[in-house]
Amino acid sequence: MEWGIFQIVNHGIPFHVITSLQKVGREFFELSQEEKELYAKPPDSKSIEGYGTKLQKEVEGKKAWVDHLFHKVWPPSAINYHFWPKNPPSYRDANEEYTKCLRGVADRLFSRLSLGLGLDEDELKKSVGGDELTYLLKINYYPPCPRPDLALGVVAHTDMSSITMLVPNEVQGLQVFRDDHWFDVKYIPNALVIHIGDQLEILSNGKYRSVLHRATVNKEMTRMSWPVFLEPPPELAIGPLSKLINEENPPKYKEKKYCDYVYCKLNKIPQ
């Protein structure tokens, strides 16, 4: 409610499952540029999936300094294995094992977040699409940067998703904005970093806050992170839940289909 971000430990995902996810992701980004480009996002694609690079692209007066790979990991009907690297060979197994574990954690999180609003425990998950929720993985790869003061890995933003569940590596770089100040998010081994996204802020009518965050880069070390965005189905309309609004608490947000919300946000159209 105050920060829009927290870390969870004792989540039940075995340590080896997280380290395998990290290992295969790192091995993919250490391949030659030519090999990574085999998974490039097609230029005319409407989807976000695929490999891309923003090394040295100018964004908001700073150089963007990140390579990334997007692909969906759940549900099976949404998966396009064309964007899943075949090298390293264990990439698919590691990602499927992690996703299986992550889904259980996500369900528990949704139920706790529902109860925190005084709702039935299945209410929030149902409101973001239930079993149609899409899990979109992004791997961020921030190589060492000679001038971190002139670069940002990812500029300040809030996530459009319902919640984001992130595995970092040990190199600090995630920062959160609150009270006119940027705070470092401390690395806790084997913890998951959870971001409240825009859709949960809307559903909760502002009780939960979507977290404004950014990624900085490091002069000596490679930083990586593995966020999974839990996205509602495109045609699902999302607005403040009726149980949370009344005369004292009128709706602060308009109801909108998720696809329309995304379009407005990406094109900087007021919501």
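This is a predicted model: local features need pLDDT of at least 70, side-chain atom pairs count only at pLDDT 80 or more; totals for chains, interfaces and linings use all residues.
Q: Which element gives the most residues to the largest nonpolar core?
A: The largest nonpolar core has 52 residues, and Tyr98, Met165 and Leu192 have the most contacts inside it. Elements that each supply at least two residues of this core include H1, H3, S9 and S12. The largest contribution is ten residues, and it comes from H3.

Q: How many residues are in the second, separate core?
A: In soluble globular proteins, nonpolar side chains tend to be buried together. Apart from the core of 52 residues, the model has a second one that includes Cys145, Val154, Ala215 and Val217. The number of residues in this second core is eight.

Q: How far does helix H3 reach from its first C-alpha to its last?
A: Helix H3 covers residues 91-116, which is 26 residues. At 1.5 Å a residue the expected span is 38 Å, and the span in the model is close to that. The reach is 37 Å.

Q: Which residue just after H3 takes a positive phi?
A: H3 runs over residues 91-116. Just after this helix, phi takes a positive value of about 80°. The residue is Gly118.

Q: Is Ile13 buried or exposed?
A: Ile13 is found in the loop between strand S1 (5-8) and H1. Leaving aside neighbours within four places in sequence, Ile13 is in contact with Ile18, Tyr98, Cys101, Leu102, Val105, Asn190 and Leu192. Its relative accessibility is 3%, under the 20% limit, so Ile13 counts as buried.

Q: What is the C-alpha to C-alpha distance between Ile13 and Thr99?
A: Ile13 sits in the loop between S1 and H1. Thr99 is 86 residues apart from Ile13 in sequence. In space, C-alpha to C-alpha, the two are separated by 9.9 Å.

Q: Is Ser127 buried or exposed?
A: Ser127 is found in helix H4 (residues 123-127). Not counting residues up to four places away in sequence, Ser127 touches Leu203, Leu236, Ile238 and Leu241. Because its relative accessibility of 17% is under 20%, Ser127 counts as buried.

Q: Which loop holds Pro75 and which holds Pro88?
A: Most residues other than glycine have a negative phi, and most peptide bonds are trans. A cis peptide bond joins Trp74 and Pro75, with omega about 0°, and the bond from Asn87 to Pro88 is cis with omega near 5°. Pro75 lies in the loop between S5 and H3, and the place of Pro88 is in the loop between S5 and H3.

Q: Are Asn10 and Asp180 buried or exposed?
A: Asn10, in the loop between S1 and H1, has a positive phi near 55°. Asp180, in the loop between strand S10 (174-178) and S11, has a positive phi of about 60° although it is not a glycine. Relative accessibility is 74% for Asn10 and 72% for Asp180. Both values are over 50%, so Asn10 and Asp180 count as exposed.

Q: Which element supplies the largest share of the lining of the second largest pocket?
A: About 290 Å³ of space lies in the second largest pocket. Of its 22 lining residues, Gln22, Arg26, Pro168, Asn169 and Glu170 are the closest to the centre. Helix H1 (15-29), strand S9 (163-168) and strand S14 (223-231) give two or more residues to the lining. The largest share, six residues, comes from H1.

Q: How much space lies in the largest cavity?
A: The structure holds one cavity of 30 Å³ or more. The largest cavity is lined by 13 residues, with Pro168, Leu174, Val185, Lys186 and Tyr187 nearest its centre. That lining divides into seven nonpolar, four polar and two charged residues. The space in the largest cavity is about 80 Å³.

Terms used
Residues are numbered from 1 along each chain as its sequence is written. Side-chain values use heavy atoms; hydrogens and water are left out. On a 1 Å grid over the protein atoms alone, a cavity is a set of points where a 1.4 Å probe fits but cannot get out, and a pocket is an open set with protein on both sides within 12 Å along at least five of seven lines; lining residues have an atom within 4 Å of a point. Grid points are joined across faces, edges and corners, and a volume is the space filled by probe spheres set on the points. Helices (H or I, at least four residues) and strands (E, at least two) are DSSP runs, numbered from the N terminus. The expected span of a helix is 1.5 Å times one less than its number of residues. A nonpolar core is a set of buried Ala, Val, Leu, Ile, Met, Phe, Trp, Tyr and Cys residues joined through side-chain atoms within 4.5 Å. Buried means under 20% relative accessible area, exposed over 50%, partly exposed in between (1.4 Å probe, protein chains only). Contact means heavy atoms within 4.5 Å. Ala, Val, Leu, Ile, Met, Phe, Trp, Tyr, Cys and Pro count as nonpolar, Asp, Glu, Lys and Arg as charged, and the others, Gly among them, as polar.
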